[in-house]
Amino acid sequence: MRAGVKTTWLALLSALAIVLPRADAGELPKLGSSAAEVRGEMGVPTAIRPAPGKNQVWEYAGKPSPYETYFLLFSKGRLITIRQVISDLTFAQVKVGMTEPRVRAVLGTPWRITNVNDDADEDIGDVWEYRSRDAGGTYKLHIEFDLQRRVVVAAKVADVAAGEAGKGLATPTASSFPDR
Amino acid sequence: MDSEPNSPGDQGGHTSFPIYKKRQDLLLVTSEEGVNECTDSTTGADSPDHIAWLYDISNEKKPTQLSVLTVPRNPGDFCHKGGRFGAHASSESFYRPYYGKLAIISWFNAGVRVWDIRDPSDPVPVAYFIPAPNENTIANCLVVNGKQIDCKNAIQTNNVELDDRGFIYIADRAGTGMHILRLTGKAKEVVVEDGDRNDDLDR
């Protein structure tokens with residue numbers, strides 16, 4: 001039973017590795033590479049997390065491009081799958097009420113974590129943002145948490161540079177009322 | 001104070017800035033806007049804009065409201081630009097060249113707003129600057145009763161301060177950055193017309 005679950009899980013990951021978009025495959029290590037080879041090609045991972053079956057997931061956030069985060073699954077010291085996790089498909093898994101560790105397990109390390117709270121009395125949690133791109137251009141995944149560190153807002157927002165330039169919104173406006 | 005300033009609804013004092021003049025002591029008070037897109041986050045109803053006021057505090061025990069400083073929702077469609085639209089904070093510098101002449105207030109998605117307050121009973125808007133959102137701007141989301149409505153890239157001018165050269169510094173709450181401004185046109189004339197005399201000021 002346990003082996004069956006493991007097999008199913010690995011098969012699912014392999015399927016995702018095929019389905020999900022990858023950047024320039026030439027920049028990514030080959031399946032079957034050793035951990036040392038991967039580290040040599042991609043550098044130190046952003047995070048290493050345990051995976052079922054004594055496997056490991058190495059996360060490379062914002063590498064090789066700032067719009068991608070890769071999860072590399074190792075089994076017995078060898079790279080068995082690569083998947084780019086910042087996508088509509090994975091983002092759809094983020095639901096209101098989800099905890100921060102769960103979001104991190106789905107999307108990896110955020111590009112930026114901010115908090116606009118300037119008052120201890122305010123109940124504003126952190127905002128996590130991820131950068132990515134699709135056929136429509138670059139965008140951010142915007143996730144707001146409450147003070148209990150659970151998701152309250154999850155939105156895909158077009159980048160200003162890509163989505164609003166040319167529409168007049170990316171130009172500052174000023175006036176010293178010359179006609180008054 | 002024996003009496004509360006006459007401020008409507010849920011307006012409150014975020015910043016109070018005294019302006020001492022020879023003939024009259026003033027107090028510039030700003031409320032702080034707290035809702036996104038002019039919308040009550042519980043009911044979804046329209047929420048009145050938070051604004052600013054000038055009071056005569058020559059008699060501190062009996063402050064008198066002289067005028068109201070507001071920014072219209074249009075032109076600009078500020079209630080649909082994203083984030084907060086309303087007053088937040090004024091500059092708090094007690095030195096030349098603008099002290100006693102100009103009220104300079106951060107107004108969230110309407111940027112920084114400047115009024116000629118040489119006649120405090122009739123403040124005249126003389127300048128504004130609204131930064132553009134950029135790739136660092138954090139989106140602001142409208143959520144009503146727990147339901148996510150939309151998220152927009154909106155600037156949120158949060159604070160404003162000055163230096164003795166007349167430069168105006170504004171900082172954005174939504175991560176857009178800091179802008180350094182100088183006055184031009186009518187706003188600059190307000191200062192130039194009076195030169196550097198500030199004859200009407202106590203100090």
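Start with the order of elements in chain B. From the N terminus on, they run β-β-β-β-β-β-β-β-β-β-β-β-β-α. That makes 13 strands and one helix. Keep in mind as you go that this is a predicted model.

**Chain B as a whole**

Along its principal axes the trace spans about 55 × 40 × 25 Å. Chain B has a radius of gyration of 17 Å, which agrees with the value near 17 Å for a compact globule of 203 residues.

Now colour chain B by burial. Of its 203 residues, 45% are buried. Then turn to contacts. Among those in chain B with a separation of 6 or more, 57% join residues 24 or more positions apart.

Before the next stops, a reminder: most peptide bonds are trans.

Select strand 4 (64-69) and strand 5 (85-90) of chain B, then the loop between them. B:P75 lies in this loop. Show the backbone of B:N74 as well. The peptide bond joining B:N74 and B:P75 is cis, with omega at about 0°.

Move along to the loop between strand 5 and strand 6 (102-108) of chain B. Here you find B:P97. What is the peptide bond from B:R96 to B:P97? It is cis, and its omega is near 10°.

Another reminder: most residues other than glycine have a negative phi. The next two stops go the other way.

Stay in chain B and select strand 9 (140-144) and strand 10 (147-152). B:N145 is in the loop between them. B:N145 is not a glycine, yet its phi is positive, about 50°. Is B:N145 buried or exposed? Count the other C-beta atoms within 10 Å of B:N145: there are 10, so the residue is exposed. The cut-off for exposed is 12 or fewer.

Switch to chain A for the last stop. Select strand 7 (137-145) and strand 8 (151-158), and look at the loop between them. A:R149 sits there. Phi of A:R149 is also positive, near 65°, and this residue too is other than glycine. How many other C-beta atoms lie within 10 Å of A:R149? There are 13, so A:R149 counts as partly exposed. Partly exposed covers counts between the exposed limit of 12 or fewer and the buried limit of 20 or more.

Note on methods
Residues numbered from 1 in each chain as written. Chains lettered and ligands numbered in written order. Predicted model: local features only at pLDDT ≥ 70, side-chain atom pairs only at ≥ 80, totals over all residues. Helix = DSSP H or I, 4+ residues; strand = E, 2+ residues; numbered from the N terminus. Rg over C-alpha atoms; globule rule 2.2 N^0.38 Å. Contact = placed C-beta atoms within 7 Å.
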